[in-house]
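This report walks through the fold, the cores, the salt bridges and the aromatic pairs. Have the structure open while reading.

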Amino acid sequence: GVFGICSKPYEKYVWNGKLLEAVKNTVHPDWLLYIIHGFCGQSKLLIYGRPIYVTLIARRSSKFAGTRFLKRGANCKGDVANEVETEQILYDASVMSFSAGSYSSYVQVRGSVPLYWSQDISTMMPKPPITLDQADPFAHVAALHFDQMLQRFGSPIIILNLVKEREKRKHERILSEELVAAVTYLNQFLPPEHAIIYIPWDMAKYTKSKLCNVLDRLNVIAESVVKKTGFFVNRPDSYCSILRPDEKWKELGGCVVSTGRLQTGVLRTNCVDCLDRTNTAQFMVGKCALAYQLYSLGLIDKPNLQFDTDAVRLFEELYEDHGDTLSLQYGGSQLVHRVKTYRKIAPWTQHSKDIMQTLSRYYSNAFSDADRQDSINLFLGVFKPTEGKPHLWELPTDFYLHHKNTLSLSQTRRSYTYWWTTGVLKHLPLPFDEVICAENRRKLTVKKFHKYEEEIDIHNEFFRPYELSSFDETFCLAMTNSTRDFMPKNVGIDPSPFTVRKPDETGKSVLGNKSNREETVLQRKTAASAPPPPSEEAVSSSSEDDSGTDKEDEGTVSQRSTPVKVTDTGDNTKITENVVQSTKDVYGVNLSDVPSEDDLTIYTRFVQLGQSQHKQDKSSQQFCSKHHLDRVINLIPISSFSQDNIYEVQPPRADWKSIEIFHAHIQAGRGNMQPLGKDDFLMYREYIRNRYM
C-alpha cells in the first residue's frame, strides 16, 4: 500500500457544506463530494509538439454570496460580496507523473470593497447611488477581511483599486476615500515589511484618454505585483536560467525553497462590480505571471509575452470565458467591456453587442435577481425554514440573515490595534494556513491507498484502460489547441506559439467556423432590428466603466474602436480562394489530372495480385451456417510471399542502444535520473559555446 495525506477542504469555497452536514458523521469520508461554484477551463499550448496544459480555476466564495445589487460590500464577519479566487496552473504534459512532472501555479483574488455599503435598487436607476450603511472609524470589517487574507495567502496583500477618483457627481469616489482611510488605519499597527500595499488607479479615466494606453499601464502594475508575490513552481531553477539569468528574474519575490518556489501574498483587485474592469486587470496580471511560469519551466528564454501571439490569444480566450461565466453568475449578463475594447481594436459591431449586454444586465438586476438571491440563501443554508415563522418569500430583506451580530450581542470584542489572529505575524510572509503547527496538523488525515487506485495512479485515472474509450470522447484531444485553433494554416509559417501574428493570420479569424459565421449574421440582424443607439450619456450611465464623469471625458470606447471593412460576397470569395490551398501545394500532385497509362497498369497489377491472394471456392462460403464459418475466416493464400509484404510485416528489431535509451526514458518518468557522463558534459558545453558565446 501507499500512504498519503488528505487535507480538509477550505470551507469558504464549498457550496454544499450545509447539505453534507446531515451525513458527514454517518457515511465514509470517501462518499463526501465537495462542490465549488465558479469556472474551470483548460487549453493545450503546443510548443513545437510539446504539450503544456493551461488551466484556469475560479472558486467563488459561499460566504455573503448573492447577486449584483443585493450583495455589496462586506458582512459582519469580514466576508465580501462577489469574492472569487482565481488560480492559473501550468502543467508540462509531456511527463505524466505527479512526482517527476513540472507544475506551476499563480493565484489572485477579486472581491467587493470591504466596507458596510449598499445601493438602493428601488429607484429603478441604472446606477443607484452608493450609500455607506454604518460608520466604521476603526475599520473593524476591513480588519476581519484582511486578517482572513493574511492567514490564507501571507504577505504582502496588494490592493489594486480600479474605482473612479474623478467624478462630477460623487459616486464611486465615496468607496475610494473610505478604503484609503481603512488601509491607512490598519497599516499603523503592522510591521512596515508586511504592510498592506494600496494601488489606486482610475481605469475608466485612462480608458477615455487618447494619450494613454491602458494595457501598457496595467502591464507595468502587473510586473511590480508579480515581482512582489512570486509564484509557485515544484522544481528548482533550471540550469540555463542560472547560467544566464534574466534581469527581471533576479528581482522576483516569493519564497525560494529547495524544491522550487512558493507564492507569498496575493493581489486583490476590485472595482465597483468586480466584473469588466477587474477581469481585464486580472488578465494582464495573469499574462505577466504566465510569462514567468513558462520561463521557470525552461520553455522560453525571457519572461515576456507579447500580444497577437498564439499563446496570448489562447490565454485571452480562457480569461474571457472566465469573465463571462463569473459575470453571468453575479451580474446577470456577459462582460460588457473586454480586453479588445481596452486595446481599442474591437469591431464596430461590438458597440451594439455591448448595449444588448447592458440591457440584459439591467433587466436581470431589476426583475430576476431577487428570486436568484432567495435560491442562493436557501441552498447555502443561510435561511432555514421553520414552522411558525415567515417563509423565505415573505421576508422584507435578508440583511439579518447575513449579519448575525444584529440579532445577538457578541461576548468578545476584538482589539482595535492588534486586529490580526494570534500567530499570523510570526510566520509572515508565509501564510499561517500553510505552516507546520499543531493546529494545521489537525486538519490533515493520513490515508492508506492501493498503488493502483485512481486517486493516486494518474495513468489509470487519465487513460482508463479498463473502459472502452474513444478518441472522440477524450478531452485532451477535444480541448482548445493552440496549433489547431490559433496557428495560421498557411504552409511555411513559424510554428512557434510565441511569434507575433498579423490580425488576418490567425486560424480563428481567417477560417472562422460555421458557428462564428452564424453568430455574425445574427449580430447583423440584431443590429438592424435594434432601436437606434442611445446617446453617449445614456451609455455611460448604464455600463460599468462609465458613470457621471466630466462631460469632456464622456464617450464610449467602442466609438473610438478601429473600424472593420465589411466586404460583400465577391470579396469573401477572393478571401476563400487565398485561404484554401490547391491539392498540388498540399500533396505534391494535382489529383484532378487523369493518371498516366503506366500508373494505371501498375495499379491494375496490384488489384489482381490482391484478388489472387484472397481467392477461394465460392461454394464453401455459406455465411448462414456456423459450421462453415471457420473456412471463411481461415483463408489459405495461393501465392507464397516473404514475411515483409503488403499483407504482413515483420516487427523491427531494436538494437541495444535504442533499448537502453527507452529504458532511461522510462526511469526518468519515474524520477530516477541517470548520472551524466563525460561525453554528455562535453556535448552540452559545445552546444552552449556555439549557441551563446
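Is Phe283 buried or exposed? Phe283 is buried, at 0% relative accessibility. Here buried means under 20% relative accessible area, exposed means over 50%, and partly exposed lies in between (1.4 Å probe, protein chains only).

The model is predicted: local features need pLDDT of at least 70, side-chain atom pairs count only at pLDDT 80 or more, and totals for chains, interfaces and linings use all residues. Residues are numbered from 1 along each chain as its sequence is written, and side-chain values use heavy atoms, with hydrogens and water left out.

**Overall fold**

The chain has 693 residues, and 41% of them are buried. It holds 26 helices and 15 strands. These are DSSP runs numbered from the N terminus (helices H or I, at least four residues; strands E, at least two). Contact means heavy atoms within 4.5 Å. Of the contacts with a separation of 6 or more, 72% join residues 24 or more positions apart. The accessible surface is about 40,100 Å², and carbon and sulfur atoms hold 57% of it. Accessible areas come from the Shrake-Rupley method with a 1.4 Å probe; for residues, only the protein chains shown count as cover.

**Nonpolar cores**

In soluble globular proteins, nonpolar side chains tend to be buried together. A nonpolar core is a set of buried Ala, Val, Leu, Ile, Met, Phe, Trp, Tyr and Cys residues joined through side-chain atoms within 4.5 Å. The largest has 55 residues; Leu218, Val226, Phe283 and Leu294 touch the most other members. Elements giving two or more residues to this core include strand 2 (38–47), helix 5 (214–229) and helix 8 (276–296). Helix 8 gives the largest share, 11 residues. Beyond its neighbours within four places in sequence, Leu218 contacts Trp201, Met203, Thr280, Ala281 and Met284. Another core lies apart, with 33 residues, among them Val109, Ala143, Phe146 and Trp420.

**Salt bridges**

Side chains of opposite charge can pair when their charged atoms come close. A salt bridge needs a side-chain nitrogen of Lys or Arg within 4 Å of a carboxyl oxygen of Asp or Glu. The count is 26.

| Salt bridge | N to O distance |
|---|---|
| Arg72–Asp273 | 2.6 Å |
| Glu223–Lys248 | 3.2 Å |
| Arg261–Asp237 | 3.5 Å |

Arg72 is buried at 4% relative accessibility. Asp273 is buried at 1%.

Glu223 sits in helix 5 and Lys248 in helix 7, 25 residues apart. Glu223 is buried at 14%, whereas Lys248 is partly exposed at 21%.

**Aromatic pairs**

Rings of Phe, Tyr and Trp (its six-membered ring) pair if their centres lie within 6.5 Å; planes under 30 degrees apart are stacked, over 60 edge-to-face, the rest tilted. There are 18 such pairs. One of them is tilted: Phe283 and Phe307, 6.2 Å centre to centre, with 45° between the planes. Phe283 is in helix 8, and Phe307 is in the loop between helix 8 and helix 9. Phe307 is buried at 18% relative accessibility.

Charges also sit over the ring of Phe307: the charged end of Lys287 is 5.0 Å from its centre, and that of Arg343 is 4.3 Å from its centre. The rule asks for NZ of Lys or CZ of Arg within 6 Å of the ring centre and within 35 degrees of the ring normal.
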